Amino acid sequence: MSDESTQPLPSSSNPRIGDTRPAPQIGDTRPGARVPAPTTPSAPGQGRRRRGGRGRSGQGNRENREGRDTREVSANSMPRRNVEAPVEASAPEASDGTGRGKPRRRRGGERRTRAQGRYLMAVHTTADGTHIATLEGRSMVEYTVAKNADETNQIDGNIYVGRIQNVLPGMELAFVDIGIPKNAVLYKGDVSFDTEDVDGAPSNNKRIEEMIRAGQTVVCQVTKNAIGAKGARLTQEVSLPGRFAVLVPNSSTIGISKRLPDGERRRLRKIIEDVKPAHHGIIIRTAAEGVTADDLSRDVTSLVEKWSAIEGEVAKSNQPRLVYRDLDLAVRVLREELNDEYRAVLIDDRPLYEKVREYVMAVNPELADRIEYYDRQVEELPLFERYFVHEQLHRSLDRKVFLPSGGSLIIERTEALTVIDVNTGKNVGTNNLEETVFRNNLEAADEVARQLRLRDIGGIIVIDFIDMESKANRDAVASALRQALSRDKTRTQVFDISELGLVEMTRKRVIEGLLESLSVVCSVCDGRGFIVKTGL
């Protein structure tokens with residue numbers, strides 16, 4: 001959202017619906033009623049609060065910049081005595097007894113200026129779930145749908161007491177009853193066992209039937225929700241994520257996020273031994289950058305207390321059931337993402353706003369003032385319409401995506417993989433064919449990375465770039481694709497461009513994609529996209 005004031009114009013100016021331009025000041029050459037510049041500080045809290053703010057991406061509103069420049073030039077051309085600059089409202093000052101004002105120390109939740117950042121998060125609630133849109137400048141880069149949690153939906157992160165139903169040695173997996181209608185799946189690589197309880201070969205060569213057996217009770221955690229016909233995926237390597245650290249119970253694991261700079265990793269490595277609890281492992285997260293040892297210790301202590309409560313719940317009964325439910329997806333997204341680069345988080349549901357703000361106040365009080373309530377009854381437009389989310393969402397569901405130079409992408413999804421075809425379209429270039437194709441492929445590489453993140457496409461992905469004769473150009477396009485994908489927090493693996501101009505890559509699938517979240521299978525064609533004539 002651009003840095004625009006939403007203060008309405010005087011009634012005499014008769015503004016048009018949707019006009020969000022600021023009220024004209026002295027020297028404003030645009031049409032509209034003139035109003036005198038304020039001579040006294042405005043009272044705090046008056047007028048609608050400004051939303052948005054131009055982020056670090058540099059994307060602002062051209063009209064706003066041009067209007068500001070015009071006002072400055074006009075004001076400078078007027079006699080000095082007729083121009084009185086508006087006085088900004090400031091916080092009251094506390095006296096120090098000498099008559100001189102001393103600035104009052106900032107308290108939690110207060111902010112003197114509008115926070116700046118690249119991202120804005122808009123959270124909209126409906127009857128069937130919560131919709132979370134993340135915008136970079138004005139462009140939507142992520143969209144998440146959190147369906148209302150029940151016993152089968154949105155269970156990733158939950159911890160269960162499960163019972164092994166049957167073990168399939170040929171598939172190296174086991175089906176586990178965790179108290180929901182559909183059995184979950186536990187693969188061999190996710191099985192945890194005590195080597196002293198199993199005789200025979202070394203632990204890395206154990207067969208799954210030697211590790212677990214039917215009827216055995218296990219404590220497990222859901223790592224992936226059920227998608228389509230596949231059941232939820234489980235692991236016995238339970239972990240409890242906090243704001244700054246992840247607790248790995250009954251483990252000796254010690255790790256630090258690779259995204260942190262080397263200097264910060266060295267600093268955290270010095271204090272990790274002091275905060276690591278006995279008999280438990282710990283992983284320091286990216287959000288721990290710059291935090292003190294005391295803050296990190298408090299986060300780890302709360303996780304240890306949480307695990308103690310879970311152990312007490314597990315000991316009550318060995319029946320398959322839920323023993324720990326993770327936070328709501330909206331809160332988890334903020335736990336993973338919220339940092340100084342977010343200028344605001346707007347929530348249009350009062351109960352969810354209170355829950356999110358309470359959580360942020362507990363873990364990151366310095367960012368709590370960026371959590372704002374968007375009152376649907378007061379605001380002129382719904383939240384998603386105000387920030388053009390609906391318009392961008394509809395485009396993100398299309399098969400065809402247009403590139404700035406006139407080229408296009410065609411995105412086709414199948415059961416096995418997703419295919420992306422790159423076309424030049426109206427891009428005819430200026431010099432020669434190789435240069436035109438190369439520039440078009442560079443644009444496509446950046447847009448492909450953005451679309452994969454926006455649509456949350458996972459699994460195997462094949463990209464059909466336009467054929468390039470030069471190997472140097474092929475390597476440059478592959479490098480540009482990897483660079484663009486580096487901004488995606490989801491793990492990806494990319495191979496070089498083949499002789500046919502194809503790029504094979506994978507992207508980890510954690511939840512169902514955007515299209516599956518917002519659609520249902522057609523009852524007529526059963527999802528094939530065709531109506532078959534059977535009466536021939």
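User: Why is Y353 called buried?

Analyst: In this predicted model, Y353 has a relative accessible area of 11%, and since the label applies under 20%, Y353 counts as buried.

User: What makes Y373 partly exposed?

Analyst: The relative accessible area of Y373 is 22%, and because partly exposed covers the range between the 20% limit for buried and the 50% limit for exposed, Y373 is classed as partly exposed.

User: Why is D328 called partly exposed, and where is D328 found?

Analyst: D328 has a relative accessible area of 35%, which falls between the limits of 20% and 50%, so the label is partly exposed. D328 is found in the loop between strand 15 (321–324) and helix 5, and its C-alpha atom is separated by 9.9 Å from that of K147, although D328 and K147 are 181 residues apart along the chain.

User: Why is the pair of Y353 and Y373 called tilted?

Analyst: Y353 and Y373 are 5.7 Å apart centre to centre, with 45° between the planes; since stacked requires under 30 degrees and edge-to-face over 60, the pair is tilted. The pair links distant parts of the chain, with Y353 in helix 6 and Y373 in strand 17 (residues 371–373), 20 residues apart.

User: How do you know that helix 9 is close to its expected span?

Analyst: Helix 9 (residues 433–455) has 23 residues and reaches 31 Å from its first C-alpha to its last, which is close to the 33 Å expected at 1.5 Å a residue. Just after helix 9, D456 takes a positive phi of about 55°.

User: What makes up the lining of the largest cavity, and what is its volume?

Analyst: A search of the whole structure finds two cavities of 30 Å³ or more, and the largest has a volume of about 50 Å³. Its lining includes D456 as well as Y143. Strand 5 (139–147) and helix 11 (514–517) are the elements that give two or more residues to this lining, and strand 5 gives the most, with three. By class, the lining has four nonpolar, three polar and two charged residues.

User: Which residues line the second largest cavity, and which helix gives the most to its lining?

Analyst: The lining residues are R243, L334, R335, L338, Y359, V360, V363 and N364, around a volume of about 30 Å³. Helix 5 (329–337) and helix 6 (350–363) each supply at least two residues of this lining, and helix 6 gives the most, with three. The lining divides into five nonpolar, one polar and two charged residues.

How values were computed: Residues numbered from 1 in each chain as written. Predicted model: local features only at pLDDT ≥ 70, side-chain atom pairs only at ≥ 80, totals over all residues. Heavy atoms only, no water. Helix = DSSP H or I, 4+ residues; strand = E, 2+ residues; numbered from the N terminus. Expected span 1.5 Å × (residues − 1). 1 Å grid on protein atoms, 1.4 Å probe; cavity = no way out; pocket = protein on both sides within 12 Å on 5 of 7 lines; lining within 4 Å. Points joined across faces, edges and corners; volume = space filled by probe spheres on them. Nonpolar A, V, L, I, M, F, W, Y, C, P; charged D, E, K, R; others polar. Phe/Tyr/Trp six-rings, centres within 6.5 Å; stacked < 30°, edge-to-face > 60°. Buried < 20%, exposed > 50% of the residue type's maximum accessible area, 1.4 Å probe, protein only.
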